[in-house]
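Biologist: Could you walk me through how to read a few features of this model? I would like the general idea, then the case at hand.

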Amino acid sequence: MTVAVTKLRVEDKLFQNRYLVDQGRPHIKVRPHEHPSANLLALTRICPAKCYELNDKGQVEIAADGCMECGTCRVLCEASGDITWNYPRGGFGVLFKFG
Ligand code: SF4
């Protein structure tokens, strides 16, 4: 008996998710800073949704659209105050299609 195996990339699965933006009410905010801490800087590399980026001044900015609410940035940077993190309001944020 032969079993057909379909390979599906993680990026393809993530593309199935949908996101409802709560305009003007981001659920994650970065504390204003001149120079990012090491942990804040790390978010530009470890956020799976690529929500964090460096601006032209070398400061970390977030565009929370597409956030999967995995909590990685919360674990790394909330306690230090580098970010504030809340769940989106009901009805907003990520809608997972496959778990
Ligand atoms: S919760 Fe996860 S996906 Fe959302 S911004 Fe933080 S690290 Fe990225």
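**Reading the model**

Modeller: Let us start with Lys50, which counts as exposed because it has 12 C-beta neighbours inside 10 Å; the cut-offs are 12 or fewer other C-beta atoms within 10 Å for exposed, 20 or more for buried, and partly exposed in between, with C-beta atoms placed from the backbone. This is a predicted model, where local features need pLDDT of at least 70, side-chain atom pairs count only at pLDDT 80 or more, and totals for chains, interfaces and linings use all residues. Residues are numbered from 1 along each chain as its sequence is written.

Biologist: Where is Lys50 found?

Modeller: Lys50 sits in the loop between α2 and β3 (52-54); helices (H or I, at least four residues) and strands (E, at least two) are DSSP runs, numbered from the N terminus. Its phi is positive, about 55°, although Lys50 is not a glycine.

Biologist: What about Glu69?

Modeller: Glu69 is also a non-glycine residue with a positive phi, near 55°. It lies in the loop between β4 and α3, and is partly exposed because 16 other C-beta atoms are within 10 Å.

Biologist: Which residues does Ile28 contact beyond its neighbours within four places in sequence?

Modeller: Contact means C-beta atoms, placed from the backbone, within 7 Å. On that basis Ile28 touches Ile62, Ala64, Cys67, Cys73, Ile83 and Trp85.

How values were computed
Two residues are in contact if their C-beta atoms, placed from the backbone, lie within 7 Å.
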